[in-house]
Amino acid sequence: MAAAAGGAARGRGATSFQRKAAAGSRLATVAGTRPSVRHGQLLLSSGLPSLDCVLEEDKYGFYSSLLFKYFLAEGVVCGHDLFVASAKEHPDSILKELPAPLLDEQRNELGEEATAVKSEDFQDSMKIAWRYQNLPKMEASPTTSTKFGHYYDLSKTMSPELFQPIKWHSFYLPEELSLQPTVKTRSMNSAYGRLLLSIQRIISQEGFDGSDPQKKQKNILRIGIQSLGSLLWGDDICCSDTPEDIHSLTKFLYVLRGLLRKSLSACVITIPAHLIENKAIMERVTNLSDTVVGLESFIGSERETNPLYKDYHGLVHVRRIPQLNSLICDVSDMKDLAFRLKRKLFTIERLHLPPDLSDTVSRTSKQELAGSAKLLSSGCGAMAIGKKHLDF
Amino acid sequence: MGEDKPCSRMNPTHREALELPSRNPTADGNAGHNPDWTRSRGEANPAPPAGGAIRPRSAHARRYNTSPLLRSLKTACSLRGGSPAMFAELNELLNASPQRPETGKFTLLRDTRTDGSFLVHHFLSFYLRAGCKVCFVALLQSFSHYNIIAQKLGVSLTAAEERGQLVFLEGLKSCLDLWFGEQEEQSGKPSPLQFISKSTSDLKALFDFVQVSLTPASSDSWKGPVLLVDDLSVLLSLGATPVAVLDFIHYCRVVVCSQLKGNIVVLVHSNEDSEDEENELVVNSLCHHSDLILWVEGLATGFCKDVHGQIKITRRVSLELTGEQDVVQIYQYKIQDKNVTFFARGLSAAVL
């Protein structure tokens, strides 16, 4: 059963990739603009699996590691090869904690519940705001017509049988350092240099760059790198204002970009951006990446108790989306996104304010809420810094 | 770089040495061809443009400088049919045409809060159409990306490369060869991007590459050479110092613009409250030395589906030291699949 599922999934993964490649330069929307239960697929649905996505970590790294695991889990379900690099946890333990995919019956159940609720609302006709009757119903989370992606159940971990047919490679920095104490890397942080060598070796050995014409079954390599730029990688950009070598991270990203462009692979990197003092580095990183998504969680911040955000666990900032093979990028209408971690699912939805029903909310706090709501409306790459432009 | 560096400030003697052409359109006898909208608004148009009718300038047009030329141009473009080779509207705005490309010009493309790479695609296809020899230093994207978009604009980069009109330096591939290819260092010429792995931070190797590619061989019959860089801010991320980048641009300018009578087009990123001081230094310095600045900005009020941003065109007439001020024009634009439409501020099709 597991093997068959794996085989079918692999088939689906391979055909979906080929279809998009034949279409040439079709672009699809990016991680931040769809429910994240699907985001692992989106990097591949662009027709060019040569993207890299930088995920800015939230403060305690909790939610970003969740998305990281989603990306890898999607790779397992689709039958792609995996490459996991980390300096913090051993990749084996990361891979043991991947969420289990939801089987089709359970997925339909979830879908049915949602539609049942919707149809009930629909039957009540509006009495007071009747002018709004004819407006289309607002979708809280953007849905697509194509079924592309899987849902995952966070309360269970993936069973080992699903994992069996997958070929995966790992890079755990302390292990590498002990195996090969000295490696010649020029003008770059040695840990990054080793990681690059390792990725390049895997890509050329396994034939992801098309160097092996014998291999007919093309597959995709999903690369996941955790907490790049943190102190564990030997880089001090996170702990000092004037780091020793500010170019290491950007050089690494540039060489990685070259590797990805010439091979069938996609990469997700999480970076603790909140720790990097020198903001110039994050700007350069943003310019060098295809997709940049920032997660801001409410844990421990004042927003946790803010009634504005009572339904959500954090915000999603999409800072950049890929614009490959086309003059325009496929930007969706939704700019204010927030995420929420339910018992089983992690969803990204459009942020909407709860109805203002109470009389006891004082004026000052209302203005604060309004101010913070305005700050939220940041377009991708176009922050509404001109708050004054919007005030009447 | 052993030889004396020419003084980089724009003093009159240096300007004569560069022999930049005067900007007076009557000098080259083409006054009637493209009416210059930057003239004072009271004057009537000297000659009607090709295609489309001229309506008398209304007070509204005079006030907002929305020439009827722009409106008639839109109808003309749609009537002509077929896909445009490049952004025809941008050519009209810049008073440029592929039949008579200007010489010795340094154009700076600058973007803030948005992506200005559509301008790079425009200039690439423009100069290839004009029959110039183009050296394209593409640092950020792969060859196939540019090729696919250029095909939409009607130009084939592979064909141009085969006939020797285009020299394409794919930064990503070159960097990979440098980083992982041990054996290639000994054979043949050094990599243009060798500053990444060596400790020297000057861009001499890159300059040598540009010079060799653009120096005309005896069998070449192309019009003036053109250097196109996308984008310069990446060089800073890769370890070059701002001074090295400015030196590189200056050397290129001396060789390409003044000696070979060609053009240079460079794209940089900038942000208004950016903390990247090195980048801001490079951008500000280049702004002072450019003949034409195209500054693309996202709208200050946020993202809009119908207006993707605004473009500010600055013609540095003040560099000619005739006492005139720089001419600044601001338009808004919307990017479509194969074309970019420009319109005056507030007159987007969605609003009218």
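Contact here means heavy atoms within 4.5 Å, and that cut-off is behind the neighbour lists below. Welcome to a predicted model, in which local features need pLDDT of at least 70, side-chain atom pairs count only at pLDDT 80 or more, and totals for chains, interfaces and linings use all residues. Residues are numbered from 1 along each chain as its sequence is written, chains are lettered from A and ligands numbered from 1 in the order in which they are written, and side-chain values use heavy atoms, with hydrogens and water left out.

**Chain B as a whole**

- Chain B has 12 helices and 9 strands; helices (H or I, at least four residues) and strands (E, at least two) are DSSP runs, numbered from the N terminus.
- Of the 352 residues in chain B, 52% are buried, where buried means under 20% relative accessible area, exposed over 50%, and partly exposed in between (1.4 Å probe, protein chains only).
- Among contacts in chain B with a separation of 6 or more, 69% join residues 24 or more positions apart.

**Helix α8 of chain B**

- Helix α8(B) spans residues 171-180 and is largely enclosed by the rest of the structure, because 8 of its 10 residues are buried.
- The buried residues of α8(B) are G171(B), L172(B), S174(B), C175(B), L176(B), L178(B), W179(B) and F180(B).
- Cover for these buried residues includes elements of chain A, namely α8 (190-206) and α9 (248-261), together with β2 (132-138) and β3 (166-170) of chain B.

**Cavities**

- There are 8 cavities of 30 Å³ or more in the structure. On a 1 Å grid over the protein atoms alone, a cavity is a set of points where a 1.4 Å probe fits but cannot get out, and lining residues have an atom within 4 Å of a point.
- The largest cavity has a volume of about 130 Å³; grid points are joined across faces, edges and corners, and a volume is the space filled by probe spheres set on the points.
- The lining of the largest cavity has 16 residues, and A96(B), K105(B), F123(B), F126(B) and Y127(B) lie nearest the centre.
- Two helices of chain B, α4 (88-94) and α5 (117-129), each supply at least two residues of this lining, and α5(B) gives the most, with 4 residues.
- By type, the lining divides into 7 nonpolar, 6 polar and 3 charged residues. Here Ala, Val, Leu, Ile, Met, Phe, Trp, Tyr, Cys and Pro count as nonpolar, Asp, Glu, Lys and Arg as charged, and the others, Gly among them, as polar.

**Buried residues of chain A**

- I223(A) sits in strand β6 (residues 221-225) of chain A and is buried, with a relative accessible area of 0%.
- Leaving aside neighbours within four places in sequence, I223(A) is in contact with F71(A), F83(A), I199(A), L260(A), S265(A), A266(A), C267(A) and V268(A).
- R201(A) is 22 residues from I223(A) along the chain, and their C-alpha atoms are separated by 13 Å.
- I276(A) belongs to the loop between β7 (265-271) and α10 of chain A, and this residue is buried at 1% relative accessible area.
- Not counting residues up to four places away in sequence, I276(A) touches I237(A), C238(A), I271(A), I281(A) and M282(A).
- T286(A), in helix α10 (residues 279-288) of chain A, is buried with a relative accessible area of 17%.
- A polar atom of the T286(A) side chain lies 2.7 Å from the backbone oxygen of M282(A).
- Beyond neighbours within four places in sequence, T286(A) is in contact with V292(A) and R320(A).

**A serine in chain B**

- S233(B) is found in helix α10 (residues 233-237) of chain B and is buried, at 8% relative accessible area.
- The side chains of S233(B) and N279(B) are joined by a polar contact of 3.3 Å. A polar contact is a pair of N or O atoms within 3.5 Å; within protein, one must be able to donate a hydrogen and the other to accept it, and residues adjacent in sequence count only if both atoms are side-chain atoms.
- S233(B) touches V268(B), H269(B) and N279(B), not counting residues up to four places away in sequence.

Notes:
On a 1 Å grid over the protein atoms alone, a cavity is a set of points where a 1.4 Å probe fits but cannot get out, and a pocket is an open set with protein on both sides within 12 Å along at least five of seven lines; lining residues have an atom within 4 Å of a point.
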